[in-house]
Each structure stands twice: as C-alpha cells, then as structure tokens.
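Here are a few notes from going through the coordinates. Have the viewer open while you read.

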Amino acid sequence: RSFRPLLNSLQTKGEVSLRRLYTSDHNAKRWSASLHELGIVHVSTPRRRGGAKDMVDMAIALDVAELLSHDLGSGDEQLQAASISTVAVASQDMDYLFMLQRVRA
C-alpha cells in the first residue's frame, strides 16, 4: 500500500499534523517501513471473531471527538483543538458519514 498519494492530496488543506492508521498489528507489521517513513502512527485495533462489529469504527469516532473537544496526544502528537481546521478520514466505510457531518456543522 502507498499512503503517499493520500497524504499529498491533503496538502491543499494545510499541514497534516496528526497521521494515524487504525489496523491490526499484522497489517501494521507489513507496512511498518512505509508508516515510519511517513510519520504515521499505528493504532492497534484487533479484529473480533463471531460477527462482532469491527472496533476500528468506534476507535476513530472517539478519537475524532476527543481531538476536537480538547487537547489530544503527547510529545510529537500534541495538538490543540483550536488549531485544527480539517479532519480527514480515508475509508470505504460509510459509517463515518454521520460523524463527519457533525464535525462539519
């Protein structure tokens, strides 16, 4: 996978100050060189068996809500909510549509 085209497309919106990939540890290991090179932080979201909803949806929604409500992160990831002008979620899943409409409002 190449994350560079996605990050390049976001440059028109300004600086991409927080880069995260929500995926399994297995996938993160496969893409570790690319993630490191592009400064993307892996957020471990193990898949559950037995028909349970994928935890990625909830993790992303909660992180976006926390990010926009107050300061988030520490060290290199430290951001202030007031400095955020754009939130981007790259996914094939339409579950994020409602969240992004709320963020936009």
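This is a predicted model: local features need pLDDT of at least 70, side-chain atom pairs count only at pLDDT 80 or more; totals for chains, interfaces and linings use all residues.

1. Start with helix 4 (residues 55-69) and helix 5 (residues 96-104): their axes come within 11 Å and cross at roughly 5°. Angles under 35 degrees count as roughly parallel, so helix 4 and helix 5 are roughly parallel to each other.

2. Which residues make that contact? On the helix 4 side you'll find Val56, Asp57, Ile60, Ala61, Val64 and Leu68, and they meet Tyr96, Met99 and Val103 of helix 5. Sorted by type, the contact of helix 4 with helix 5 has eight nonpolar residues, one charged and no polar ones.

3. Now go to Tyr22, which sits in strand 1 (residues 20-23). Is Tyr22 buried or exposed? Its relative accessibility is 16%, and buried means under 20%, so Tyr22 counts as buried.

4. Have a look at what surrounds Tyr22. Leaving out residues up to four places away in sequence, Tyr22 touches Val43, Thr45, Val56, Ala59, Ile60 and Asp63. As for Asp57, its C-alpha atom is separated from that of Tyr22 by 9.1 Å, with the two residues 35 apart along the chain.

5. Finally, the polar side of Tyr22. Its side chain makes a polar contact of 2.5 Å with the side chain of Asp63. The side chain of Arg20 also makes a polar contact with the Tyr22 side chain, at 3.4 Å.

Definitions and conventions: Residues are numbered from 1 along each chain as its sequence is written. Side-chain values use heavy atoms; hydrogens and water are left out. Axes are lines fitted to C-alpha atoms, for helices over the stretch in contact, and angles run from 0 to 180 degrees between N-to-C directions. Helices (H or I, at least four residues) and strands (E, at least two) are DSSP runs, numbered from the N terminus. Angles under 35 degrees count as roughly parallel, over 145 as roughly antiparallel, 65 to 115 as roughly perpendicular and the rest as oblique. Contact means heavy atoms within 4.5 Å. Ala, Val, Leu, Ile, Met, Phe, Trp, Tyr, Cys and Pro count as nonpolar, Asp, Glu, Lys and Arg as charged, and the others, Gly among them, as polar. Buried means under 20% relative accessible area, exposed over 50%, partly exposed in between (1.4 Å probe, protein chains only). A polar contact is a pair of N or O atoms within 3.5 Å; within protein, one must be able to donate a hydrogen and the other to accept it, and residues adjacent in sequence count only if both atoms are side-chain atoms.
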